[in-house]
Amino acid sequence: MTFIAKPKIVHKGLSRNALGLTIRDYEGGMSTLCAGCGHDSVTSAIVQAFFELDIPPNQVAKLSGIGCSSKTPAYFLDASHGFNAVHGRMPSIATGASAANRKLYLIGVSGDGDSLSIGLGQFSHALRRNLDMLYIIENNGVYGLTKGQFSASADVGTKAKKGEVNEQQPIDPVQMAMAQGGTFVARSFSGDKDQLVPMIKAGIRHKGFGLIDVLSPCVTFNDHEDSTKSYAYTRRFFHPAVHADFVPPAEEIRTAYDDGEAMPVEMHDGSRIVLRKVSDQYNVHNRGAALDFIRSHHRRGEIITGLLYIDEAEPDMHGISRTPDAPLAQVPFEELCPGSQAMAGLQERFR
Amino acid sequence: MSAKSRINASRANDFVIRLANVNGTGSASANGLLMKTIFRMGVPVMGKNFFPSNIQGLPTWYEIRVTRDHHLARSGEIDIMVAMNAETYQQDLKSLSPGGVFLYDSTWPRHSVVNRQDVTILGVPLAKMCNEHFTNARARILMKNMAYVGALASLLELDREIIEDAVHRTFASKQPLLQANMDAIELGANYASEHFDCPLPTRVEPMNETAGKIMIDGNTASALGCLFAGATVGAWYPITPSTSLMDAFKSFCERYRVDRDTGTRNYCIVQAEDELAAIGIVLGATWNGARAFTPTSGPGLSLMSEFIGYAYFAELPAVLFDVQRVGPSTGMPTRTQQADILSAAYASHGDTRHVLLFPANPNECFELSVEAFDLADRLQTPVIVLLDLDIGMNDWMCDDLEWDDSYRPDRGKVLGADELESIESFYRYLDVDGDGIPYRTYPGVGRKGAYFVRGSGHNKYGGYTEDADEYQEVVDRLVRKWETAATLVPAPVVQRRKSAEWGIVSVGSCDYAVAEAVEVLARRGIHLSYMRVKAFPFSEAVTEFLHQHKRIFVVEQNRDAQLKSLLTLETDYPKERMESILHYSGLPIDRRCVVEAIEASVARGEAA
């Protein structure tokens, strides 16, 4: 959404990916968010993930709703088509986009206001139809653009900048997605790029709805003491349960893992995510146990991060709809229109 | 006396039957059978269903007009009442025209209720006969319907072979049911011929007036339009009275769009969580180059308004079907009205105006739904097809639907990868051709065609803006596009009467009632020209017609004269010279109300 052109400086030494593109080819316009905003870190993680995955930018469509987070698609992948929808309604646009052209990689960036209040219904139903997209919630607990009201993800007892205390229960997209049958549920922190980049890569490759809830502090309205969405709080109370390393197809798993620690998950395109358990008790394939783990830690004030649940077997919207491999928008008209003979034959039904 | 004039002198093939039933008792199929029989006897017929928003137990009526002269609107008269609902006996008796026939179930005689002297009362002990003949409790209820069809077969001299053929077709695979239905028809037919002087003067005589005709509802015809126009994505939220449109689309797709070998489907229907999502899905799909549509009704249109404004401003095609029902609010979901004209025309906040198409019969539902996709793609804007419950859900007699194989979709100004290569630069909202319509690209086409779709302020290059001049330049260009739209939409249908100084303007499902009223009034010496608008924006022909007449009657089915308001706002014809004739009870408009209103106006001297 920026109107400041960002100069493209390509150093000779800049590394190129398999397509011969540099990371500059995956960047977008200059951010107009506040200095230090967590969202900008997420943007740079997205840029890096797409660059490293060697995805041609024109095969990506980026979407968002309304809010600070929803401005960010203008800051990455400027060679991709973008769609800035109305507030809370990006999932429906993504649904239609996928229905028409399933070959595109869809990445949606939303916020806690956009997804958990006005857009809770659409978020929930995109999850339900296992829409094939990566859906990132940049979660900061406040409405930034309207200057600091609590959002639905604000924790009980958290204090607003002006002193008001939130007494309503938060809506946690991760727990919601776990309970609702989400097939890829992850949580991360904008300040942890090591965790975030492989997670985004895995989310892009996941066939189905890939949710990443990213705690992304609002430096202007929610980074003070008594906020549970501040940098300081996050660094102290966020605990990874699982580390995920993304391994592209045809590449060997090079990292050395201890016995029993590594758990490779095969993705649809042949790539793998190698999960490393940090906690012995965590099981990324057991929805109930994973949810219990997250909840019990949450009661202790600890936020569990990582790729928390994954299921590659569930069909996505296209699997359920039995649509062809080719995008529906590209099916020739001749195959779609039954023609005059069929029409003549149909008339008898109506006599 | 020739055969034709003898028929004309009689009431044969020119009368109305109304059947009063309780919903959920199986009467719908019996009434449909009755209407189909008359149609298959070659006699033009109209059928209208007045049903409650309920599954079982409430009053429901079905009205059949047998009309040798092809008058396919309600006449306003009722000649035969088949009263099967004791709860509404009094009301039903009262609504019968003088000289009419009241047929009721005399198992329980109601001498005190059924007491009009100017009508003929016929009692048929339907329940008694069915109870004696059938043992099964459900059959005893269901077969009463077929028994009254039998009684009517004798009274109206219906072709028994045609009835029995239809029953055979329906119950071919259910032998016991077939026999039961046949028995019930026999019971009623025999009782009537033994006890009454059959046939009645209001009877059905075979004609040859339905060859090349079909009976189809507008929702089904619209669904066929979507199928033939090549729509691949349909998104919806179930709402009466539009639901059968998507149901029909789905069943046609299952027949014509499934690959026999692989089972893959060249369509994607999404039953959305609500109408806000349904329209969002349509926009996401058209942004990516698919033809997409959503059927809805008034409440859905209200919910869609935000995205409709978005599509207007960001310039995305979309086809919406608003099958109008009675408002405001939940209103009466199973009754008809044309009360969304203004809310559709100006849906959404800010300065917005939308292309509307108004089909008047199932043929036009089919044709205009195809045209809606072409216009939406050509103009890159939402096109709303305004049906109503009467056209959408009732079976209308109309010409066979035909398809021209030379049709190719007009996808409008879309630049592909090759075209992008050949131009220096692409900007999304530039008016290159001077018609107000810019060029667009589909996602996936490459860096040169990439742009950001947004509902926020943008300049002609597609960039975000809050600059006053840049913003205004874009919205002014949208006005040019609107002017182009007025030249592309279908022209009105005009019947000009020589030297007529008064005109009638109407829209959609009012058409048959108005056309018949014009004939009736002409016979009484009141000559009017008639224009039916088919689209908004109004083309020049609309304004021209208005100005050719000193006075204009605007006939429409809503309380607030919405079409008249739109004509007032969007043409320069003086408001004082327009007079409204409004019908908004929720039942389809009838000829009588139009005739009476104009005669009254003439009598007052206002029109003269």
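In this predicted model, 58 residues of chain B are in contact with 49 residues of chain A. By class, the side of chain B that touches chain A divides into 32 nonpolar, 15 polar and 11 charged residues.

**Chain B against chain A**

- Two or more residues each are given to this side of chain B by strand E7 (213-217), helix H8 (218-228), strand E8 (233-236), strand E9 (268-271), helix H10 (275-287), helix H11 and strand E16 (452-454) of chain B.
- The largest share of the side of chain B that touches chain A comes from H10(B), which contributes 9 residues.
- Strand pairing also links the two chains, in that E16(B) and strand E2 (residues 81-84) of chain A run parallel and are joined by 3 bridges.
- Within this pairing, A:Gly82 has B:Phe452 of E16(B) as its bridge partner.

**Domains of chain B**

- Chain B is divided into four parts, namely domain 1 (3-195), domain 2 (216-399), domain 3 (417-488) and domain 4 (493-604).
- Between domain 2 of chain B and domain 3 of chain B, the C-alpha centres are 26 Å apart, and 14 residues of domain 2 are in contact with 13 residues of domain 3.
- On the side of domain 2 of chain B that touches domain 3 of chain B, helix H11 (298-314) and helix H13 (362-379) of chain B each supply at least two residues.
- The residues on that side of domain 2 of chain B comprise 7 nonpolar, 3 polar and 4 charged.

**Packing of H4 and H5 in chain B**

- The crossing of H4(B) and H5(B) is right-handed.
- From H4(B), the contact is made by B:Leu126, B:Ala127, B:Met129, B:Cys130 and B:Asn131, while H5(B) brings B:Arg140, B:Met143, B:Lys144, B:Ala147 and B:Tyr148.
- Sorted by class, the contact of H4(B) with H5(B) has 7 nonpolar, 1 polar and 2 charged residues.

Notes:
Residues are numbered from 1 along each chain as its sequence is written. Chains are lettered from A and ligands numbered from 1 in the order in which they are written. This is a predicted model: local features need pLDDT of at least 70, side-chain atom pairs count only at pLDDT 80 or more; totals for chains, interfaces and linings use all residues. Domain bounds come from an automatic or database domain assignment. Two residues are in contact if their C-beta atoms, placed from the backbone, lie within 7 Å. Helices (H or I, at least four residues) and strands (E, at least two) are DSSP runs, numbered from the N terminus. Ala, Val, Leu, Ile, Met, Phe, Trp, Tyr, Cys and Pro count as nonpolar, Asp, Glu, Lys and Arg as charged, and the others, Gly among them, as polar. Two strands pair if DSSP finds at least two bridges between them. A crossing is left-handed if the near helix is turned anticlockwise from the far one by less than a right angle, and right-handed if clockwise.
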